[in-house]
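Trainee: Hi! Could you walk me through this one, bit by bit?

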Amino acid sequence: MAKKQTAGRDNLGKLAPQFAALNDDVLFGEVWAREEQLCAKNRSMITIAALFSAGQFPQLKAHLAIGKEHGITKEEAVEIVTQLAFYCGWPKAWSTFPLIEEVYGDDNNE
């Protein structure tokens, strides 16, 4: 069972409680929990690609960390970004590689 998501309530609970509840309970509690339809690792890859293409780097860093928890290796993260660079933009790749370094550090296979 996946750990309960509380980022919405932790970060936005006072400002936007309904949004926080939707984030934690619906997006992460229901949609991400549909592992029979699509495993968490694949959901992470899709989410990383979407955030990369939109240039949403703060959320991208957070989802790289979530992807790492879901089994995406550093090498796979680098390959995802390399592939996307040709479709979404070279500068975005340059901006993402440092995020991968921050999330994975010297880990080559974690």
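This is a predicted model: local features need pLDDT of at least 70, side-chain atom pairs count only at pLDDT 80 or more; totals for chains, interfaces and linings use all residues.

Trainee: What does Leu 60 touch?

Mentor: Leaving out residues up to four places away in sequence, Leu 60 touches Ile 48, Leu 51, Phe 52, Thr 96 and Leu 99. Contact here means heavy atoms within 4.5 Å.

Trainee: Now the packing. At what angle do helix 3 and helix 4 pack?

Mentor: About 165°, and their axes are 9 Å apart. That makes helix 3 roughly antiparallel to helix 4. The axes are lines fitted to C-alpha atoms, for helices over the stretch in contact, and angles run from 0 to 180 degrees between N-to-C directions. Angles under 35 degrees count as roughly parallel, over 145 as roughly antiparallel, 65 to 115 as roughly perpendicular and the rest as oblique.

Trainee: Is that crossing left-handed or right-handed?

Mentor: Helix 3 and helix 4 cross in a left-handed way. A crossing is left-handed if the near helix is turned anticlockwise from the far one by less than a right angle, and right-handed if clockwise. Helix 3 brings Ser 44, Thr 47, Ile 48, Leu 51 and Phe 52 to the contact, and helix 4 brings Gln 59, Leu 60, His 63, Leu 64, Ile 66 and Gly 67. By class, the contact has 6 nonpolar, 5 polar and no charged residues. For those classes, Ala, Val, Leu, Ile, Met, Phe, Trp, Tyr, Cys and Pro count as nonpolar, Asp, Glu, Lys and Arg as charged, and the others, Gly among them, as polar.

Trainee: And how does helix 3 cross helix 5?

Mentor: The crossing of helix 3 with helix 5 is right-handed. Their axes cross at roughly 40° and come within 10 Å, which makes helix 3 oblique to helix 5. The contact includes Met 45 and Ala 49 of helix 3, and Ile 80 and Leu 84 of helix 5. Its residues divide into 9 nonpolar, 1 polar and 2 charged.

Trainee: What about helix 3 and helix 6?

Mentor: Helix 3 and helix 6 pack at about 120°, with axes 9 Å apart. They are therefore oblique to each other, and their crossing is right-handed. Phe 52, Ser 53 and Ala 54 of helix 3 meet Lys 92, Ala 93 and Thr 96 of helix 6.

Trainee: Switching topic: is Leu 51 buried or exposed?

Mentor: Leu 51 counts as buried because its relative accessibility is 15%. Leu 51 sits in helix 3 and touches Gln 56, Gln 59, Leu 60 and His 63, not counting residues up to four places away in sequence.

Trainee: How far apart are Leu 51 and His 63?

Mentor: They are 12 residues apart in sequence and 8.5 Å apart in space, C-alpha to C-alpha.

Trainee: Last one: where is Asp 24, and what is it in contact with?

Mentor: Asp 24 lies in helix 2 and is buried, at 1% relative accessible area. Leaving aside neighbours within four places in sequence, Asp 24 is in contact with Gln 5, Thr 6, Ala 7, Gly 8, Arg 9 and Gly 29. Leu 27 is also found in helix 2, but Leu 27 is partly exposed, at 37%.

Notes: Residues are numbered from 1 along each chain as its sequence is written. Side-chain values use heavy atoms; hydrogens and water are left out. Helices (H or I, at least four residues) and strands (E, at least two) are DSSP runs, numbered from the N terminus. Buried means under 20% relative accessible area, exposed over 50%, partly exposed in between (1.4 Å probe, protein chains only).
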